[in-house]
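The following questions and answers concern one protein chain. Please keep the sequence and the structure in view while reading.

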Amino acid sequence: MVFGDKSLDLSLPRVMGILNVTPDSFSDGGKHNNFDDAMRQVERMIEDGADFIDVGGESTRPGAAIVGEQEELDRVLPVVEAIKQRFDTIVSVDTSTPSVITGSANLGAGLINDVRALERDGALVATAATGLPVCLMHMRGTPQNMQDSPSYEDLVEDVEQYLLARIEACVAAGIKKDNIILDPGIGFGKTLVHNTTLLKHTERLLNLGHEVLIGVSRKTMIGDILGVPVSERLYGTMGANASTYLKGARIFRVHDVKPHVDMLKVMHQIEESRHA
Ligand code: 7PJ
């Protein structure tokens, strides 16, 4: 798949390093809202083998405050620009905001990653105009209310139907079908059993004919299973990612790049072994 100025073979597993540029991000407590810290963090993730740097200026944690458009632009665009000037990597932008999509693409971003699957007014048109690939994620509700007892008639079917409808909307807006990546949206309007069931059935999204991205890093799902705080969720995160790699997911959005790069390299070599 072609991500702006770089092309990536997605038959290999790929690691997306998370760079939060919010004052209250999910699990790094806003450690990287300082510009120089952010650049050091990017350098480290790239050295560790990240294929993408996912820049997000809106916290979508349950109950998070809504960020204004100008605030999001001010947080994200300087960081996208600086990364593209200093490093040879693919910048993914975690945004739902049309002006952030357009602005980031103009500065060299290579992927639009939208937890709202381009539902915000103007997002489809803005993304189509960039010509970039997009990751469509499933969310039930909004970050403000999504964890208020989410329920589904038929979970996997609902997620599949939602994403199919969004794919159709993308194609109608002029986004190429081959440029669409799907994501079940772990933790976005889902209980523990919803999350584990969706991961178990990763093949249902793959069967729609798109690559699948998984974002489970340090999430509540891991904390619920292990009973550990955010700082102790790496091994559990790796278990979830290893499991979905074996089911065919190919992009892993993570805070801890190096452990995942090593894990996936070994898993890939085992899966690809051929000895007559
Ligand atoms: C995801 C995301 C995810 C995609 C966030 C956090 C919450 N983008 N952005 N998938 N999660 N595609 O990192 O804990 O799961 S923000």
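Q: Which residue just after α9 takes a positive phi?
A: The model is predicted: local features need pLDDT of at least 70, side-chain atom pairs count only at pLDDT 80 or more, and totals for chains, interfaces and linings use all residues. Residues are numbered from 1 along each chain as its sequence is written, and side-chain values use heavy atoms, with hydrogens and water left out. Helices (H or I, at least four residues) and strands (E, at least two) are DSSP runs, numbered from the N terminus. Just after α9, a positive phi of about 115° is taken by G248.

Q: What span does helix α9 reach from its first C-alpha to its last?
A: Helix α9 covers residues 234-246 and has 13 residues. The expected span of a helix is 1.5 Å times one less than its number of residues. For α9 the expected value is 18 Å, and the helix comes close to it, reaching 18 Å.

Q: What covers the buried residues of α9?
A: Buried means under 20% relative accessible area, exposed over 50% and partly exposed in between (1.4 Å probe, protein chains only). In α9 the buried residues are G236, T237, M238, A240, N241, A242, T244 and Y245. Contact means heavy atoms within 4.5 Å. The cover of these residues includes α6, α7, β9, α8, β10 and α10.

Q: Is α9 roughly parallel or roughly antiparallel to α10?
A: The axes, which are lines fitted to C-alpha atoms over the stretch in contact, are 11 Å apart, and the helices pack at an angle of about 30°. Angles run from 0 to 180 degrees between N-to-C directions; under 35 degrees counts as roughly parallel, over 145 as roughly antiparallel, 65 to 115 as roughly perpendicular and the rest as oblique. Therefore α9 and α10 are roughly parallel.

Q: How is α1 placed relative to α2?
A: The axes of α1 (residues 35-47) and α2 (residues 69-86) come within 11 Å and cross at roughly 45°. That angle makes the arrangement of α1 to α2 oblique.

Q: Which residues of α2 make the contact with α1?
A: From α1, the contact is made by F35, M39 and V42. On the side of α2, the residues are P78, V79, A82, I83 and R86.

Q: Is T97 buried or exposed?
A: T97 lies in the loop between β5 and α3. Leaving aside neighbours within four places in sequence, T97 is in contact with E69, E72 and R120. Its relative accessible area is 4%, so T97 is buried.
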